[in-house]
Amino acid sequence: MPRERAAQRALLSLNNVEVIYNDVILVLKGLSLQVHEGEIVALLGSNGAGKSTTLKAISGLLKPENGAVTDGTIVFDNLLIQRRDAPQIVRDGIFQVMEGRRIFEHLSVEENLRAGAYTVREATQVRDRIDLVFSYFPRLFERRHQVAGFLSGGEQQMLAIGRALMANPRVILLDEPSLGLAPLLVREIFDIIKRINEEQGTTILLVEQNASIALSIAHFAYIMENGRIVLDGTPDDLRSNADVREFYLGLTEVGRRKSYRDVKHYRRRKRWLS
Amino acid sequence: MTARSVPATLPQQLRANAAQFGDAMALREKRFGIWLSITWTEYLTRVRNFALGLHRMGFQRGDRIAILGDNRPEWVIAEVAAQALGGASIGIYQDSVVSEVAYIIDLCQARFIVVEDQEQVDKLLDIWDDLETVESLIYFDPRGLRHYDADFLVAFPDVESDGAAMHAEQPAWFDEQVNLGKSDDTAIISTTSGTTSKPKLALISHGNLLSMADGLAAVDHFKPQHEFVSFLPLAWIGEQMMSMACGMRIGFALNFPEEPETVQHDLREIGPHIMFAPPRIWENMLSTVQVKIEDADRVKRTIFNWALTIGRRAADLKFANKSLTFWQRAGLAAARLLVFHNLLDQLGLRRIKWAYTAGAALGPDVFRFFHGLGVNLKQGYGQTETTGICVIHRDDDIKFQTVGTAMPGAEVTTDNRGEILVRGPMCFSGYFNNPEATTSALTEDGWVRTGDAGYFDEDGHLIVIDRAKDVMTLHDGTRFSPQFIENKLKFSQYVREAVVFGGDDFPYVTAIINIDFGNVGKWAENHKTAYTTYTDLSQKPNVYDLIRREVERTNADLPGAARIRKFLLLHKELDADDAELTRTRKVRRGYIASRYQELIDALYGDYDEARITSTITYQDGRTQTLDVAIRIEPMEPVPGGVAS
Amino acid sequence: MDPNEVLKFLRLTYTGFSDGALLALIALGLVLVFKSTDVINFAHGEFMLLGGFVGYQLLTITASWGIDPTLGTILSVAALVAAMVIVGTLVERLILRPLIGEQIISVIMVTIGLSSIIDAIVGLAWGTIPQPLPYSIVPAALSGRWQIEMEGARRPLNLPQEAMLTILVVVILVVLLMVFFKRSKYGIAMRATADDQQAAMSMGISIRVVFGLTWSLTAVLAGIAGLLIGELTNAVGGDIPVVGLRAFPVIILGGLDSVAGAIVGGFTIAMLETYASGYIDPSLKNVVPYIALLIILMIKPYGLFGQKRIERV
Amino acid sequence: MATQSGIYHQTYASDMQLRPTTMQRVRLVLVAALLVIIPFVVDSSTQRLVNTVVIAAIGAIGLNVLVGYTGQISLGQGAFLAIGAYSCGLLQAYLNVPWPIALLAAAFISALLGGLIGLPSLRLKGLYLAVATLAAQQIVDWVIINWDPIDGEINGRATDALRIPGNALFGNADLRLNNNDTLFYIVAAAILVVVAIATTNLFRTHIGRAFVAIRDQDIAAEVMGVNLHRYKVLAFMVSSFIVGIAGALLALQSTAISFERFSLSVSIEYLAMIIIGGLGTVSGSIYGATFIVVLPEVLRSIGRMLTGTDAASLSEFNRVLPFVQEGVFGVVIVATLIIEPEGIQRIWRNIKDYFRLWPFSY
Amino acid sequence: MTLSRFARPYEVNSPPRRRLVVDHISLSFGGVKALTDVSLQVEPGKIFAIIGPNGAGKTSMLNCICGLYRPQHGHIWYGDTDLVKTAPHRLAHLGIARSFQNIELFNHMTVLDNLMLGRHVHMKKNLLTALLYWGSGQAEEIRHREFVEHVIDLLQIQGIRKQQVGALAYGLQKRVELGRALAVNPGLLLLDEPMAGMNVEEKEDVARYVLDINEEWGITIILIEHDMGVVMDISDTVAVLDFGRCIAVGAPDQVRSDPAVIKAYLGEQE
């Protein structure tokens, strides 16, 4: 329940974060959320709601896109991190897996992993981490000397997550891991994400369009629209909310999946209770 | 051929306009990226064709046509066409939920319904089996309707082409029908706003509408070349009065926005000369300006604030009928040049000659703000039963605490209990199918009982207190208006809506308050309070502290017994879909009291928290329940106040 | 066969070879920058100019101290490397970093602006007249001229041995760079950055460090090239940037992002130049590389070794 | 959007018009007035400077069509200018063609050769293409230096320069351009106005849109039916047509031309103009050209004021000036790009936006 | 004026709708096989979905159809035209348009200009009229603007008409890209993952547009999509690719229960 959850101190918390792009476009309008140690927290919402921006605000990757956190605080493990730059934040223990995989196409699989271990100092540790990644993703092991650009989409996503594991972060920010993947692969990847969370104890903040699968592994979820949180709760809470069912899970009132053939040319007004 | 005297009905007026203005623009609709225009001649042709088409479908004199949709040319064409055939139209708010639509159609027994699009068609299909009187649904936006095969669904253009065919056969028939129209014929049936009960249907005649237009035009000299943007629901009497009555009588063009979301932009493009809007629109405009100025850089903000100070001072002097000194005038000119000109341009108000507000009280701060910018904003007073307004400010005699003086032709007085009574050509003839209500609303000698309490000040200006029923007798015996307290609370930018209880059965005054999500949210951000949802924000302790200060400020101006002793911040915004507000967004106090009985009990009991299980209704009628704990905030015992 | 022709051929070949090594060295600097920052550095020639004059100044100073030329050379080269690291870092920090993420043409233009600035500084500081180096940086044992007597024709080949130095330097640098890019953490980081800056940042790779490193490296390579030109032509002067310009067809020919391409391209262009000017017309020296370039690009649009950008739609 | 309240359109024709706001109208009138009064108020050396600016502006617009709008980076501007200049010069010198015809012919010849130079663009992209145009630059330079017919004689001595007779028009010696700065100004300014308007128009139509589409996303443009080959070559032709005019004007302005005026550094100067001015805008081309042409002159004047009149300081002044000019040129480029990579035009627009949204910020 | 809510622009200018036959095509890149002997038939006026795991060759298939890739073997017939031998820019003339997986819009142009570019193949006026923007040149622009406005209306992007595309949100960009393809007035529309990265609500919108385009404008649609719900609901025929081979073609229900498809793509859960 939110109340009990709120009582604990969060590992990562965003407090009224405001993000502006190019000095004018307000993307996040006072966004607050908490991620507790060991949790998988899902952040759902429509396109342009600001989910990716939220992740980039945490990981310090806004700057290359001309964005900036103009207000509010981001606290990670008692540390104010909204002014730190991306490399520092990775060293602090937050690693973002960006949307669209963004693997280094011209580097080999293993070189990609080594790049992920940039912040790791000891060479032996790098070796160990590579072995760990290969234990989660045996397919990558088979292709470790291949140029990553020629991997399939699923393998690229695995590589992207593997790169994150290399840095041994406390929090992984995952941006749309299911993007463009076949249903079979989506399942596989989410199973691995869950395993990583359970076995490595890695906290995960997950941005995902596929709400049903995200809710299936998350411990807590937020729903964003227009740059702010409109609803939060445990997956069970959210699954019982009519708006979530209709707009995020595509279910009818009796719980059947709606047919895309019957979509109306108008939208029901959302009632995010506000 | 036809009598060319003063037209007595809207269709007659349309015919006269077509003859007089011909190719001048009558209607414009933003569509396909440009303002598609309809001239007066085309307007008349389309009305004629649609009317004849309706006739072929069986529309009879005295029938009613219901219209449900956004403001579009088809909306007004359908209305005037029905009137041309001696029928009446009834507008239904386009955002009404299914049950409301069913209620009104059932009440008015319309035989034909003109609807905009799939959304409205679906609403009607949901309740179709219960609608006994309705024969046809005529739609004018075909999007998404290709698989709908019900035979009672008819496309608007099909009706028109049917009509055109009939006109070719019987060219004189339409004119004859129009000539039959009389001033006393019912032109429209208007739903009352229904703050206290379910809506009633007021019968408004052509004479009511046209005399209203004449009265208003006598006060303010509208011209055919003026522009008007029709963006408020045509089901609302205020919009009928401006668009249909004044628009037709004067002959100015109506402009329909592209989409509800683009109203602000379209308004700016057109730059209307006349605007009539309820307080909420003006309040929203002000808060938009405030937020944007808040976000502007220091230079802009400073200059704006300076200009606004100058403007406000000038407005105050104008209200006091004092003239400005040379330096004040120079300052005002500078403020206009530097700020107001452009600001009004941004808001689309640059060309406004007359702006009106009516329907509820507008806060003095908002009023002063617009006058400070140089917008000639005037208050009016009236109701559906008086065809919009009957009391209004005059250009040179504006006092923000009043609603002005009676319009030409209207008689306004108060009875011994302080209830406002109105008589005149704009007064309605009764409620449809509801003789009881008619009797209680109309006195024998033709006065309309408004149900509002009010009095006249020394200059003869009317001051409205509240709905007479709501005026409460406090425990010390004084009579007091809850609306007065609510308005005082709402002057705060942090309070969006307030519902005050007290008097009669209640030992002291309490309030249920809706915070303004945007402004309180901003405040929370500035005060390092993290929040997620509306519910979360509304229950933050320091938000309570913030609102507490606002309540204290309000209390300071109130007599002891009227002071708010306890309040709570509601976890959800009041919503018309939950029937907490009327479709014109007025608070339905009685309904709220019963809906939140647990909260009221808690406010008058000895609790510091109340749990409430409330239900929200979705547009399509589905509901969802939620369970929240709400804090009750007691105020300090007021010195001199009576302990409960 | 006419021995004169054979001699001429040998002489041209040797010149082309040593010249090629020099071009390759210059091209290497350009490729380095392009690989990790996607920028073509139009100021590379000016870096060389600056390096040449700084080297000249250092040698003059050491000469004025009267120390042994070998020690003087070592000291001067060390100081030159240090100076160029500083120059590279400053340039990156002050001029290129603010433009990270801007469109490519803006970044090119900024290097053009930079070239003007360096030109002006060098011009104001040292003037335009070529300055001979105070002493040769090549150890006496290595300097001299190759003397080969051809049978039948008593003409010595008479080629400067110093040119071999260029080849040696280039070989060493290429090997070092290849190992660096393949094996070292920073090398991989630089390649990763070249692929996707933002993704590299998300790995914790500091773009600043990578860019600073890149520009320092390239400045050092340019400085060494400048000094070598001074040695080979016996003077440093305002025309060094023209040599830099000659490296453009080289990198395009080899492929902008290919180290191997820079080497092969360097030798190819230099050979073409020398043969064309030797056998056809000296005035062709400047055009022939470009004509060859156009022909090759028509066949291979990304140069001989350039990576075709993987285009996905 | 940049509309004004009360401006609305009932037809597409009016919606698609270039519709200046009141402020823009005022500005246009001011610019026009300025153009007209210049010859009446400036001295002859300033007039010559203005003429140079006008030529540069035409050339910059031409280059911007190619680089800014179509996204084909060119380092061969000098070559295109040279083709225009030498065509015009040769036609006058050898065929005694009247200057208006020579000017026009030069533009067409430039367009043709420009199309030819643009052929590599069919296969090459980005920096590879840039270096290919550098090849054009080198080859044209080489031709100018080594091809005998375009070397001329000055005072009986063979030189690398081509002498331009400056043919009179209608036999009227007053209608020669190279000794009548005012007449030259009128001709050049009129051409600039025409070129500016025509270029603006071009980018309101499907042809201009195709150019921009190629710049933004060439594959998508091709799939949407844009023939890349045709439009890339067309962009080169349109660009070199305009640049050819500028080149021809350069020839008409002077009595002799030589290769230094068309070297790589000229190409770079023009690139600097459009980048500093603003890529993909006509007004930016003009701002940029003005800035780059006027800057060295301003520096010279400032230097003059600060320098003594004795021989020593004059010679020092002459030694230092070129370096200072070059250095400042470099600093200005770097500074502009760091402050606003989209150039002067963008800075100007930001200023306008600041006031357009007044008193708001968005 | 044709600008009525009830008017359809295709009544004015309707492209021929032909059958698309993919005839035994094989495609490889330097030895890597992307497509092996694939044959498909797309009937006019239908919605044809291609599904399959990542790297199965779906996008390669589209790229072959629209001429960006040249298969080494086989033919692709659109009516009587062999698309394998047709230059990519000719496809739009034949009435074939497409959208891209990773949005490929002209970012510095407005939405309107992007759509107007879709009209490019229908615009004939020459350079001179363009430079003058006079008479027929202007009239042509206006005529096509009218068509484009119908597309804007269909896709409900009125509000962003004059905004720069690059600054729009992802979902809107997807919609604009769809609009640009529609502006071609195609008989065949190829959509490459039009719903990637969208939540249910947004997918519903796109599904509705696709159905409208198909049913109201009569356009044949080939659709690559991963969301099985969407594919099963709206398509008439589904083809499944795996490792460059077509492992199943048929009606949605038939394909859904095909064991090979379950094994290669759907997994057991579904």
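These legends walk you through several close-up views of a predicted model.

The model is predicted, so local features need pLDDT of at least 70 and side-chain atom pairs count only at pLDDT 80 or more, while totals for chains, interfaces and linings use all residues. Residues are numbered from 1 along each chain as its sequence is written, chains are lettered from A and ligands numbered from 1 in the order in which they are written, and side-chain values use heavy atoms, with hydrogens and water left out.

**View 1. Helices α11 and α14 of chain B pack at an angle of about 70°.** Helices here are DSSP runs (H or I, at least four residues), as are strands (E, at least two), numbered from the N terminus. Helix α11(B) covers residues 279-295, helix α14(B) covers residues 364-373, and their axes are 10 Å apart. An axis is a line fitted to C-alpha atoms, for helices over the stretch in contact, and angles run from 0 to 180 degrees between N-to-C directions. The angle makes α11(B) roughly perpendicular to α14(B); angles of 65 to 115 degrees count that way, those under 35 are roughly parallel, those over 145 roughly antiparallel, and the rest oblique. The contact (heavy atoms within 4.5 Å) joins W282(B), E283(B), M285(B), L286(B) and V289(B) of α11(B) to V366(B), F369(B) and F370(B) of α14(B). By class, the contact of α11(B) with α14(B) has 7 nonpolar, no polar and 1 charged residues. Nonpolar covers Ala, Val, Leu, Ile, Met, Phe, Trp, Tyr, Cys and Pro; charged covers Asp, Glu, Lys and Arg; polar covers the others, Gly among them.

**View 2. Helix α12 of chain B also packs with α14(B), at an angle of about 100°.** Helix α12(B) spans residues 298-319, and the two axes are 7 Å apart. The pair α12(B) and α14(B) is therefore roughly perpendicular. On the α12(B) side you can find F304(B), L308(B), G311(B), R312(B), A315(B), D316(B), K318(B) and F319(B), which meet F367(B), R368(B), F369(B), H371(B), G372(B) and L373(B) in α14(B). Sorted by class, this contact of α12(B) with α14(B) has 7 nonpolar, 3 polar and 4 charged residues.

**View 3. Helices α16 and α19 of chain B cross at roughly 130°.** Their axes come within 9 Å, and α19(B) covers residues 541-556. The angle makes α16(B) oblique to α19(B). Look for I485(B), K488(B) and L489(B) of α16(B) beside E550(B), V551(B) and T554(B) of α19(B), the residues that make the contact. They divide into 3 nonpolar, 1 polar and 2 charged.

**View 4. Y494(B) sits in the loop between α16 (482-490) and β23 (495-501) of chain B.** Is this tyrosine buried or exposed? At 14% relative accessibility, Y494(B) counts as buried (buried means under 20% relative accessible area, exposed over 50%, and partly exposed in between, with a 1.4 Å probe and protein chains only). Y494(B) and I515(B) are 21 residues apart in sequence and 5.7 Å apart in space, C-alpha to C-alpha. Leaving aside neighbours within four places in sequence, the contacts of Y494(B) include N514(B), W523(B), L546(B) and E550(B).

**View 5. T205(D) lies in the loop between α7 (181-202) and α8 (206-216) of chain D.** T205(D) is buried, with a relative accessible area of 4%. Which residues does T205(D) contact, leaving aside its neighbours within four places in sequence? They are A130(E), Y133(E) and E141(E).

**View 6. Helix α6 of chain E (residues 170-183) has 14 residues.** From first C-alpha to last, α6(E) reaches 20 Å, close to the 20 Å expected at 1.5 Å a residue; the expected span is 1.5 Å times one less than the number of residues. Of the 14 residues of α6(E), 12 are buried, so the helix is largely enclosed by the rest of the structure. Among the buried residues are Q173(E), V176(E), L178(E) and A181(E). Just after α6(E), N185(E) takes a positive phi of about 60°.

**View 7. Helix α4 of chain D (residues 77-95) has 19 residues.** The helix α4(D) reaches 26 Å from its first C-alpha to its last, close to the 27 Å expected at 1.5 Å a residue. It is mostly covered, with 16 of its 19 residues buried. N96(D), which follows α4(D), has a positive phi near 55°.

**View 8. A cis peptide bond joins W358(D) and P359(D).** Omega for this bond is about -5°. P359(D) is found in the segment after α14 (343-356) of chain D.
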